[in-house]
Amino acid sequence: MASDLKLVSKNVLIGEAEQMISAADRISDKVVEACKIIDDHPGKIVISGMGKSGLIAQKIASTLCSIGNKAVFLHPAEAVHGDLGIYAPGDPTILISKSGATDEILRLIPILKDFNSPLIGILGNMNSILSNEVDLAIDASVSREVDPLGIVPTASTTLTLAIGDALAAVLMSHKNFKREDFAKLHPAGDLGMRLKLTVKDIMQPIEKVAVVSLETNLRNAVIKMTENPQGAALVLDEKSLLLGIVTEGDLRRSLAQNVDIDNSEVEEVMSRKPITININSLMSEVLTLMENRESQISVLPVIADDMRCVGLIRIHDIYQTRLL
C-alpha cells in the first residue's frame with residue numbers, strides 16, 4: 001500500500017513536469033508579447049481570476065510587485081461593485097481562466113474595453129469565448145490533470161503559475177533588473193539580509209579575535225582563544241597576511257591525540273590555506289561558502305582588498321542577525 005501511494009506522489013510530480021515541458025515552446029513567444037504589452041504602459045497591471053485561478057492571480061501579482069512592476073489582484077465578482085475604481089486608462093489586464101468561459105470574467109470584458117485595457121488571457125481552453133475576446137491569448141491548456149481522478153486542478157494550476165513566473169523572468173531580463181533592485185524591495189527578513197548586508201556589517205573585527213604566530217605554542221593559543229572566544233585563532237605574519245587558522249575543532253583533535261600543548265606549536269595543527277571571504281562580500285556569498293558543502297564551515301577569515309586579514313565571520317553571527 002505504501003509503495004502504491006509513493007507511486008501516486010511520483011506520478012503527480014512527473015506528470016506536472018511533463019505538462020510544463022510540453023507548454024514551453026508554445027507559450028514562449030506569447031510571454032514575450034505579453035512583456036511588450038506591459039512594458040509599453042507605465043501604469044499598473046491588473047490580474048484577475050476566480051477560484052483557484054484567483055489564487056494563482058494573486059501570487060502572480062505579488063511576484064510582479066517584487067520585481068518592481070506595479071500589479072494588483074482584482075476579484076472579478078467584486079469588480080462591478082466598486083473595485084473597478086482601481087483602473088487608470090490603459091492599464092493592462094491579465095485574465096486567468098481554465099475554461100475560458102468564466103462568467104464573472106466574461107461580464108468584465110466590455111467594461112475593460114471601455115477602459116482601453118489591453119487584455120492578456122492565460123487560458124486553459126484556446127477554443128473558448130475568452131480566447132476570441134482578449135488581445136493576446138497564452139495557451140495554458142493541459143492534456144490531463146494529474147490527480148488520481150483526472151479532474152482536480154493540478155497540472156493546470158501549476159502550469160498557469162509557471163507561466164506567471166516566466167512572464168516575471170522576461171520582465172526582469174527586459175529591464176535589466178538586478179540584485180540591488182530586488183534588495184530595495186525586500187529590506188526585511190532573511191532575504192533582505194542576504195541581499196543587503198555585507199561581511200563588514202556583522203564580522204568580528206581583528207581586535208576581538210585571537211591572533212597567533214606560527215611559533216605560538218598551543219597552550220598560549222588556547223589562552224588567547226579563551227580571552228577572545230570566537231571559535232578560532234587566526235595565524236598571521238607581521239604584515240597581517242593570513243598563514244592559517246586554528247579552530248576549536250583542531251584543538252580538540254590535538255588533545256584527543258595526546259599532543260603536548262606546551263611543546264607543540266600552532267604551525268603543527270593549523271589549517272593552511274583556509275577558505276576566506278572578502279570584507280565586501282554579501283551575506284548570500286558567505287552562506288554559500290559556509291553551508292553549501294558536505295562539511296559546513298562555522299568560521300571564515302575575512303580578507304580586505306589589500307589581502308590583509310581583518311577579522312573573522314562566524315555562522316553564529318549570521319544566525320544571530322537573522323533573529324534581530
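In what sense do E1 and E3 pair, and over how many bridges? E1 and E3 pair in the parallel sense, over four bridges, where two strands are taken to pair if DSSP finds at least two bridges between them.

## Basis of the model

This is a predicted model, in which local features need pLDDT of at least 70 and side-chain atom pairs count only at pLDDT 80 or more, while totals for chains, interfaces and linings use all residues. Residues are numbered from 1 along each chain as its sequence is written, and side-chain values use heavy atoms, with hydrogens and water left out. Helices (H or I, at least four residues) and strands (E, at least two) are DSSP runs numbered from the N terminus.

Strands of a sheet pair through backbone hydrogen bonds, either parallel or antiparallel.

Five of the five residues of E3 are buried, the term buried meaning under 20% relative accessible area, exposed over 50%, and partly exposed in between (1.4 Å probe, protein chains only). Both faces of the strand are covered, with Thr93, Leu95 and Ser97 on one side and Ile94 and Ile96 on the other.

## Nonpolar cores

A nonpolar core is here a set of buried Ala, Val, Leu, Ile, Met, Phe, Trp, Tyr and Cys residues joined through side-chain atoms within 4.5 Å. The largest one has 28 residues, of which Ile47, Leu64, Ile94, Ile96, Ile163 and Leu167 touch the most other members. Two or more residues each are given to this core by helix H1 (2–39), strand E1 (45–49), helix H2 (51–66), E3, strand E4 (119–123), strand E5 (136–139) and helix H7 (155–174), and the largest share, six residues, comes from H1.

When neighbours within four places in sequence are left aside, Leu167 is in contact (heavy atoms within 4.5 Å) with Val31, Ala34, Cys35, Ile38 and Ile94.

## Asp91 and the cysteines

Asp91 is placed in the loop between helix H3 (76–79) and strand E3 (93–97), and it counts as buried because its relative accessibility is 0%. The side chain of Asp91 makes a polar contact with the side chain of His41 at 2.9 Å, and it also reaches the backbone nitrogen of Ala88 at 2.9 Å. A polar contact is a pair of N or O atoms within 3.5 Å; within protein, one must be able to donate a hydrogen and the other to accept it, and residues adjacent in sequence count only if both atoms are side-chain atoms. Residues up to four places away in sequence not being counted, Asp91 touches His41, Gly43, Lys44, Val46, Ile86, Ser117 and Pro118.

With a disulfide defined as a pair of cysteine sulfur atoms within 2.5 Å, the count comes to zero. Cys35 is in no disulfide, and the nearest cysteine sulfur, that of Cys65, is 16 Å away; Cys35 counts as buried, at 3% relative accessibility.

## Helix H11

In helix H11 (residues 218–227), Leu218, Ala221 and Met225 are buried. Seen down the axis of H11, these buried residues fall within an arc of 55°, so they line one face of the helix; the arc is that of the directions from the helix axis to the C-beta atoms. The face turned away from the buried side carries the exposed residues Thr226 and Glu227.

What covers the buried residues of H11 includes strand E7 (210–212), strand E8 (232–236), strand E9 (242–247), helix H12 (248–256) and helix H13 (266–269). Asn217 caps the N-terminal end of H11, with a side-chain oxygen 3.2 Å from the backbone nitrogen of Arg219.

## The mixed sheet and positive phi

Four strands form an open sheet in the order E6-E13-E12-E11, with mixed pairing. Its edge strands, each pairing on one side only, are strand E6 (204–205) and strand E11 (277–278). E11 and strand E12 (residues 299–303) pair in the parallel sense over two bridges, and Val302 in E12 is the bridge partner of Ile277.

Most residues other than glycine have a negative phi. Lys273, in the loop between strand E10 (271–272) and E11, has a positive phi near 50° and is exposed, with a relative accessible area of 79%.
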